[in-house]
Amino acid sequence: LQVLLIFAKEDNQSDGFWWACDRAGYRCNIARTPESALECFLDKHQEIIVIDHRNSRYFDAEDICRSIRATKPSEHTVILAVVPRTSADQEETSVLPLLNAGFDRQFMENSSITACYNELVQIEHGEVRSQFKLRACNAVFTALDHCQEAIEITSEDHVIQYVNPAFERMMGYHKGELIGKELTELPKSDKNCVDLLDTINTFIKKGKEWQGVYYARRKSGDSIQQHVKITPVIGQGGKIRHFVSLKRLNCTNENNKQLYKSHRDEKYTGENSQPESHSFKGKNRRKDSIDVKSITSQSSDAPSLQTRRYSSMARIHSMTIEAPITKVINIINAAQENSPITVAEALDRVLEILRTTELYSPQLGTKDEDPHTSDLVGGLMTDGLRRLSGNEYVFSKNMNLSHSHLSVPNTINDVPPCIAQLLDNEESWDFNIFELEAVTNKRPLVYLGLKVFARFGVSEFLNCSEATLRAWLQVIEANYHSSNSYHNSTHAADVLHATAFFLGKEKVKGSLDHLDEVAALIAATIHDVDHPGRTNSFLCNAGSELAVLYNDTAVLESHHTALAFQLTIKDSKCNIFKNLDRNHYRTLRQAIIDMVLATEMTKHFEHVNKFVNSINKPMASEETSSHNEGSDCDCTASIKNFPDNQTLIKRMMIKCADVANPCRPLELCIEWAGRISEEYFAQTDEEKRQGLPVVMPVFDRNTCSIPKSQISFIDYFITDMFDAWDAFAHLPVLMQHLANNYKHWKTLDELKCKSLRLPSENNN
C-alpha cells in the first residue's frame, strides 16, 4: 500500500503519519507543494492521500484535492483531510465542504502515532479494499465484453442491467435498446412449453440455479434455441440481488446453425482477425492436427529448427498409445465431432476431468469447512508434510524377530470353558470382542483365529498342521502392541471376525474361491501387525526409519505385510506356507498384500468408486433385466469369470471390516470410539512435545468433541462405502446399527456433549 502525505511544513502531525506508515508497512512519500504533490501522485498512484487542511497560509487543501480528483487514477484513491482540533465550546463544522471538494474522510488533528496508525489501518480495511474490488470490476467487465458466451445480468426485479457484445450479436439488439427494460417487455418465442417460465421462476426465486434449453426471439422475429444457465446472486441482507444468465446457441436447427456460422465468420474476418493461415481454428478444432510451419514466426532465421519441430509434432500425432484411458479419450473426441455444441462442450469438461491424476478423490464442498472432517481427511488420507526432521520416531518396543520363547497355546478343543462358551457365538455380528479380550488376558486373536480358521478349512488348504497354525497365530499376536489403545490384537481379532462374517454371506461366498477366503482371513489377521499407534502422516513428518524405507508411501501398510511374511518364513515351526507349491504361494501372497494395502486410506475413494462402477451398477442392471424377463439372475457366476472383480470385492470386504466399528452394537461402537480417540489424543500430545506438525488439531484431549469426530467419520468415509457393500452383500443388521449409532452421536452433539455418553448414562 502506498501513502502520499501533503504537508507544507514538517511537524508532529506529519511525523505521526510518517511513523504510522512505517509501523503498518506502507510505502510513504511526502510532498511540500501542490505541484510536487500532483506530480508525485501521477507517478506513484498512491491508494491513500493525507492532506494538511489545518492552515491555508501555505496552500489551499481543497484546491489540491480538486486537482487530484480531476485526474483519472484518483477514482480509486482515498483522500483524507487533517483538520484542526475544535475546543469544547466551539461548534463542530460540517463535513459537506470537504466532501464536495473530493475528500473521503476527515481526521481531527492528533499527532499520536497510534491514532494515525489506527486511522490508516481502518481506511485500508474499509475504503481501500472496496476500491480494490471496484478496480477488479473493470477487469471483470472487460472479460465479459470479450467473452464468446452471451451474458445478461438483471436486477432482482428482472430489469436488464448489463448485456455483453456476444448477447447483442446473438439477439440482434443494441445494448441501449435493452438496458433498463424489464424482461417482460421483450417479445417471447411461442415455441417454449406453457409452464417453462413458471418452472424457471420457481427455481431461481429459491436461490437455485436453473439450466436447460429455451427458445428466445431475436429482434428480427426469428426464434433461436439456446442452452441457458441462470444463476441467482445473493447480495446484501442475504437476499437475491441479481440474476446472471449465460446463453449459448443450441446448434440443432438451421436458424441456429446459420447464426452460429455468421458469429464465427465475424470472429475470424473482423479487423483484428488472424491471417488466412490461422483459419484452421474455425474448422475442425478437435480432430485436425496443427501445421506447425503455419504458426511459426515468418521471420525466423532457423528453418532447420522449424523442420525438427514439425517432424516431432508429426511423430506425436502418429503415435498409437493403447492405454485404456487414451482409448476412452479418443472415443469421446470422435463423439464430439457430430454432437450439438452443448454436448460437445459438456464432453470437453469430461475430458478435463479424465486428464486429472486424482480421478477418485472427491472435491470437498461444505464438508471441508468442518474442522473435524478436514482433520480426519488430512490425517488419514495424506502422508504428512514430507518435511525433513531431526526427530526420528522410534517404536515403543524394540522388535526383534525372534519368537522361540513363545509357548504353544492349547488347541481349540482344549480351551477353557469360559472362552469356549464365548466362541460359540462368534458367527453372530453382535459377538462381543471385548469380553473375549478380557477372558484371554488380551490375547483374543489366537483363540478367535483357531476357531475361525478351523471353520473355513485354512489348515487343509495350506496343507499345514494345526500346531503350525497355532504357532503362527501366536507369533503374529505377540507382534501387536498391547500398549496401543486401539491398534492392538483386539482390533485385529475384530477385523478377522468381521471378515469371517462377510465371507459367510451368500453373495460374497458365491463370488470368491477358497484361495480368496484364505487370503482374506490371513490379511485380516496381519493387517496392522507391529502398528506403532501413530498415523502414516506422523511417521513421515517425524522422518521415521519406516517412512524413509517406504518413501513416505503406504508406510505402515507396507510394513505390516513385509513384517508378517518375515515372521512367517523365518521359522519352520510357524511357516504356514511351507507346504504350498510356488505358484499357489505367489498367488496367495499377492492377494494378501493387495488386501492389506487396500486398508491404506489415501485410495479409499478409488476403491469405493471402482466397486460401485464395476460391481454394484452392473449387478443392478443384470437384476433389472432378469426381473423384466422373468428369469433368475446369477450375478455371482459372472463375477467369478472376472478376477479383477474378485479383487475389488476382497478389497472392499477388508476395508469395511477394518472400519466396521460404527456398524457394531452401540456399546461396542462407543468403546471403539473411545479407544481410537485416545490413540489420536496421544499422537497429538507427542507431536506437540516433539515440535512436529499437528496432523489432526481437533484431536486435542482438552477440547475435542468425540461425537463430532464420529459424525464426520461416518458422513465422510462410512455411509457411502457401507451403502455400496450392503447393496452387494445384504447386511440389514449392520445398517440398522449404523443408523442407531449415528443417531446417538447426533444427540450428544446437539446437546453440546463432547464425551462418549450423556452424564446420566455414565452414572448408570
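This is a predicted model: local features need pLDDT of at least 70, side-chain atom pairs count only at pLDDT 80 or more; totals for chains, interfaces and linings use all residues.

Trainee: Where does UniProt place the feature "active site"?

Mentor: UniProt positions are given in the numbering used here, feature names are shortened, and annotations may be inferred rather than shown by experiment. In this case, the unreviewed UniProt entry places "active site" at His487. His487 lies in the loop between helix H18 (466-478) and helix H19 (489-503); helices are DSSP runs of H or I with at least four residues, numbered from the N terminus.

Trainee: Is His487 buried or exposed, and which residues is His487 in contact with?

Mentor: Buried means under 20% relative accessible area, exposed over 50%, and partly exposed in between, using a 1.4 Å probe and protein chains only. His487 counts as buried because its relative accessible area is 13%. Contact means heavy atoms within 4.5 Å. Leaving aside neighbours within four places in sequence, His487 is in contact with His481, Asp528, His531, Ile676 and Glu679.

Trainee: Which residues does UniProt list for "binding site"?

Mentor: The unreviewed entry lists several residues, including His487, Asp528, Ser489 and Thr490. Ser489 is found in helix H19 and is buried, at 6% relative accessibility. Thr490 is also found in helix H19 and is buried at 2%. Not counting residues up to four places away in sequence, Thr490 touches Ile433, Phe434, Glu437, Pro444, Trp672 and Arg675.

Trainee: What joins the side chains of Ser489 and Glu477?

Mentor: A polar contact is a pair of N or O atoms within 3.5 Å; within protein, one must be able to donate a hydrogen and the other to accept it, and residues adjacent in sequence count only if both atoms are side-chain atoms. Here the side chains of Ser489 and Glu477 are joined by a polar contact of 2.8 Å.

Trainee: Where does Phe717 lie?

Mentor: Phe717 lies in helix H30, residues 706-729, and is buried, with a relative accessible area of 2%. The C-alpha atoms of Phe717 and His604 are separated by 8.1 Å, although these residues are 113 residues apart along the chain.

Trainee: Lastly, is Trp19 buried or partly exposed?

Mentor: Trp19, in helix H1 (residues 12-24), counts as partly exposed because its relative accessibility is 45%.

Key:
Residues are numbered from 1 along each chain as its sequence is written. Side-chain values use heavy atoms; hydrogens and water are left out. Helices (H or I, at least four residues) and strands (E, at least two) are DSSP runs, numbered from the N terminus.
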